[in-house]
Amino acid sequence: MKNKKIILASFLLLCVFVVVALIKNQPDYISKAAYEELLGQNLIENVIIENNEVLLKTKEGNFLIAKELVDLNTLWQKTPIEHAKDYNISEIVLIVILLVFLVSYVLFLNKRNKDRQNLLSLEKNILEKTEQNTTIQDVVSEVKFKDVAGVDEAKVELLEIVDFLKNPQKYKDFGVKMPKGVLLVGPPGVGKTLIAKAVAGEAGVPFFYQSGASFVEIYVGMGAKRVRELFLKAKSKAPSIIFIDEIDAVGKSRGDFSNVERDNTLNQLLTQMDGFEDNSGVIVMAATNKIDLMDSALLRSGRFDRRIFISLPDFKDRMHILQNYMKAKKSSVELEKIAKASVGFSGAALETLVNEAAINAIRRKSDMIEENDFFAVLNKVLMGKKKIFSLSDKERKIQATYQAAKALSAFYFDVKFEKITLIEDRFKEYENTIKSKSELLNKIKVFLAGSVAMELIFNESYTNAQSDLLKAKELFGYMESFAMANEGLLQEQKQEVKEFLELMKEKVVKLANMLLENEKIEKQDIEKIIME
Ligand code: ADP
């Protein structure tokens with residue numbers, strides 16, 4: 001492209017030179033009087049006759065005069081006369097150069113065209129191949145909210161989106177802006193895909209599914225193109241839902257080892273999300289279980305600014321899911337028992353569990369699933385590929401005490417949390433950008449509280465403290481970078497928590513029992529226990 005421009009510019013320049021040279025060489029016409037003056041003063045040195053004109057070469061320059069105005073006899077006596085050659089040598093050289101130039105330019109253009117055509121047909125081939133393998137297609141979802149057990153808070157939040165997809169015009173008329181992106185955050189198998197399908201099913205709109213990994217895996221250089229196509233198709237079928245599963249495959253923060261393909265895809269995704277109107281009728285839903293690894297650009301306002309956390313199901317939800325999957329099966333099982341025994345199972349794991357229990361019953365040549373069928377396969381599901389987290393009674397007690405101590409310390413040291421359950425906790429992010437030393441110290445205390453309680457109550461250390469201890473160290477490192485930390489700091493925090501928990505020992509045990517019963521701790525539970 002660049003070459004072509006340079007050649008074209010030099011060609012034009014050459015033309016300009018030629019024209020200027022020709023114009024410059026073009027002699028002026030003179031009158032008969034002026035000719036006689038030149039003749040009289042013997043200024044004419046040479047004369048060339050060209051057709052009906054006479055070219056006079058003089059010391060003053062070249063002039064032309066009509067042949068009939070000149071008496072050739074008189075002129076001939078004074079100056080030599082030549083008859084014009086058709087072209088002089090310099091003109092011939094110039095014309096040859098021009099011709100050579102033109103021919104090579106035409107040849108060059110021809111070659112470029114051929115190259116381009118080859119490239120185009122190659123691209124077309126790749127595109128056809130890709131399209132054959134991976135055409136972007138929407139599906140009609142039959143899933144409804146009632147098919148998704150539990151996750152009630154998420155459903156409430158998503159009802160608004162369903163309504164918007166059903167009546168985009170209503171929102172447009174009121175000038176209400178809808179979120180463009182909804183990020184579903186939670187561990188694998190908790191029903192993120194299912195709930196996105198349910199939104200499409202409830203709203204009766206087309207559902208476009210793409211896994212984040214598929215963007216970057218098919219063909220190099222195709223990720224960005226697929227993103228463009230996906231949005232184009234979704235817009236053409238709006239209102240519609242785009243669902244990007246495992247978005248972290250594209251949306252991982254761009255660290256030192258950035259991957260060009262992924263970056264291009266991510267940039268295209270950002271461009272597309274910025275490019276469509278809030279009320280275009282396309283809602284992008286995405287799922288991840290690693291929000292902390294996501295590129296901050298994706299989480300910025302106007303992109304995935306609505307986030308819905310989906311946790312592993314609690315007892316009530318597990319009951320609901322088990323009932324769902326047992327509905328069509330003959331059984332004599334008290335599902336409460338199974339729900340109690342399956343702490344840490346995701347919805348997907350519960351589905352597998354029911355399936356395996358049914359297979360076990362068939363193996364026994366029975367058409368009725370019994371409790372023992374569940375217990376016979378519980379361990380198999382646990383030990384299976386999915387490595388699902390589950391606890392024995394003793395482990396449950398240890399874990400409940402650990403989490404209760406953390407919850408109580410968080411309440412006392414004013415560290416806000418969204419959720420504390422038997423197996424997970426989510427502390428609120430800092431609301432302020434400028435963090436104080438005491439805020440950070442309090443958070444460290446909460447991360448140390450569990451292991452301190454283990455020593456106080458069980459006189460033992462356990463491995464479940466590992467991730468909290470790492471977080472405490474991480475925060476300590478962070479404080480060091482602001483010159484807020486000294487050697488004894490972690491020890492001092494530990495001592496403070498210890499003093500607090502020694503006073504609270506009984507309350508920790510009570511809260512732990514409450515947690516065992518309900519599987520989660522609410523702020524009111526803590527307040528109640530503290531006030532007692
Ligand atoms: P995720 O997208 O969070 O990894 P999925 O939506 O793919 O999880 O869940 C996989 C399967 O597990 C679903 O198709 C469904 O059969 C079952 N499942 C998961 N969560 C639930 C739930 N809350 N209610 C009913 N079924 C569930």
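Visitor: Where does Asn360 sit?

Guide: Asn360 is part of helix 15, which covers residues 347-363. Keep in mind that we're looking at a predicted model.

Visitor: Why is Asn360 called buried?

Guide: Its relative accessible area is 15%, and the label applies under 20%. So Asn360 counts as buried.

Visitor: Which residues does Asn360 touch, leaving out those up to four places away in sequence?

Guide: Those are Asp373, Ala376 and Val377. What makes them contacts is having heavy atoms within 4.5 Å.

Visitor: What is Ser409 in contact with, beyond its neighbours within four places in sequence?

Guide: Asp414, Val446, Ala449, Val497, Phe500 and Leu501. Among the buried residues of helix 20 you'll find Val497, Phe500 and Leu501, and helix 17 is included in what covers the buried residues of that helix.

Visitor: What else covers the buried residues of helix 20?

Guide: The cover also includes strand 12 (417-421), helix 18 (437-458), helix 19 (466-480), strand 14 (520-521) and helix 21 (523-531).

Visitor: How do you know that helix 20 falls short of a straight helix?

Guide: Compare the spans. Helix 20 runs over residues 489-518, 30 residues in total, and a straight helix at 1.5 Å a residue would reach 44 Å. Here the end C-alpha atoms are only 36 Å apart.

Visitor: Where does helix 20 bend, and by how much?

Guide: At Met504, by about 70°. That angle is taken between axes fitted to the seven residues ending there and the seven starting there. Met504 is also one of the buried residues of helix 20.

Visitor: And what follows helix 20?

Guide: Glu519 does, with a positive phi near 70°.

Visitor: How much of the protein chain is buried?

Guide: Buried residues make up 40% of its 532 residues. The chain exposes about 30,700 Å², with carbon and sulfur atoms supplying 54% of that area.

Notes
Residues are numbered from 1 along each chain as its sequence is written. This is a predicted model: local features need pLDDT of at least 70, side-chain atom pairs count only at pLDDT 80 or more; totals for chains, interfaces and linings use all residues. Side-chain values use heavy atoms; hydrogens and water are left out. Buried means under 20% relative accessible area, exposed over 50%, partly exposed in between (1.4 Å probe, protein chains only). Accessible areas come from the Shrake-Rupley method with a 1.4 Å probe; for residues, only the protein chains shown count as cover. Helices (H or I, at least four residues) and strands (E, at least two) are DSSP runs, numbered from the N terminus. The expected span of a helix is 1.5 Å times one less than its number of residues.
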